[in-house]
Amino acid sequence: MPHATVHPLPTASRPSPSPAVRVGNAVTIGETEVVVIAGPCSVEGRAMLTDTARAVRRLGAAMLRGGAYKPRTSPHTFQGMGDDALELLAEARAATGLPVVSEVVDPRQVERMAEVVDVLQVGARNMQNYALLAEVGASGVPVLLKRGLSATLRELLLASEHVRVRGNERVILCERGIRTFETATRNTLDVAAVPVLKAETHLPVIVDPSHAGGRASLVTPLALAAVAAGADGLLVEVHPDPATALSDGDQSLAFDGFAELMRRLAPVAAAVGRALARPAPNGEVAAPVSLARPGAWRGERVSAS
Ligand code: PEP
Ligand code: MN
């Protein structure tokens, strides 16, 4: 018996004149180059964000991530810096030239966030928040849509349709691990999602190895597997001092870990006929990373409570 496909998907499966998603004027996701997006789970302050943005840019990331609004499982943990983080993301973007992706959790935030960020992230917990999908669809801003914790690929693609039927074709799908019976990892990375989604739609597909594995030591092997399987990009959590991160420190790479990931990724990308996208040349060139003053940003960070 043939395996089921995720069809019918009237919009996402339709041949598109331009399957790739252009972000800003320098980054394109879904062409030959593999786009690495890196940065902290949460924006925690100005210096930690700009330090991280400069570090990941120097090490080859083409985009910056950073959460302003955090949909945490527990309401008693850090919920993000909110609007203040948006200001800091805008500054980091201006300082480095890196386009920015940040998660939107409420339809009322879309208009404001669309003025600041280059890509609106819809998180796993909101994959089927139809009011939010409609609003990001109406915004016309590229959308990074994460697979829900227990969502099938068909459900992910139908969620992407909610964005696309509002006229926004610029959707990037993200596999970030799914909930299974396995407890050794935070989630189970569904590597097969990459070739299945790429076969079923023309949408770019990226992988988040950080939330999939849940531990820093797993991020590089999962990232290599993702690119070997055909992922168009990666979303990776990087923090200047993971041990003190206000969210997802266990799975965040320090700068040296991210450097190693990038070193090991290049030959894997080449082996599957791809190259790593370089940071845009119009960004800041090789600003010194403040590795020389570790912890300098700590004094300014917000409190975890
Ligand atoms: C995140 O990217 O920090 C995040 C909350 O991811 P997810 O929605 O995949 O859990
Ligand atoms: Mn996170």
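**A loop residue and beyond**

Analyst: D248 sits in the loop between β10 (233-237) and α9 (255-271), where helices (H or I, at least four residues) and strands (E, at least two) are DSSP runs numbered from the N terminus. This is a predicted model, in which local features need pLDDT of at least 70, side-chain atom pairs count only at pLDDT 80 or more, and totals for chains, interfaces and linings use all residues. Residues are numbered from 1 along each chain as its sequence is written, while chains are lettered from A and ligands numbered from 1 in the order in which they are written.

User: Is D248 buried or exposed?

Analyst: D248 counts as buried because it has 21 C-beta neighbours inside 10 Å; the cut-offs are buried at 20 or more other C-beta atoms within 10 Å of its own, exposed at 12 or fewer, and partly exposed in between, with C-beta atoms placed from the backbone.

User: And what about the phi of D248?

Analyst: The phi of D248 is positive, at about 55 degrees, although the residue is not a glycine. Most residues other than glycine have a negative phi.

User: Which residues surround ligand 1?

Analyst: Around ligand 1 are C41, G67, G123, A124, R125, K146, R176, D208 and H211, each counted as near if its C-beta atom, placed from the backbone, lies within 6 Å. This shell has two nonpolar, three polar and four charged residues, where Ala, Val, Leu, Ile, Met, Phe, Trp, Tyr, Cys and Pro count as nonpolar, Asp, Glu, Lys and Arg as charged, and the others, Gly among them, as polar.

User: Where is pLDDT under 50?

Analyst: It stays under 50 over residues 284-301, pLDDT being the predictor's confidence in each residue, from 0 to 100. Where pLDDT is low, the predicted coordinates should not be read in detail. The protein averages a pLDDT of 90, and 86% of the residues score at least 70.

Key. Contact = placed C-beta atoms within 7 Å.
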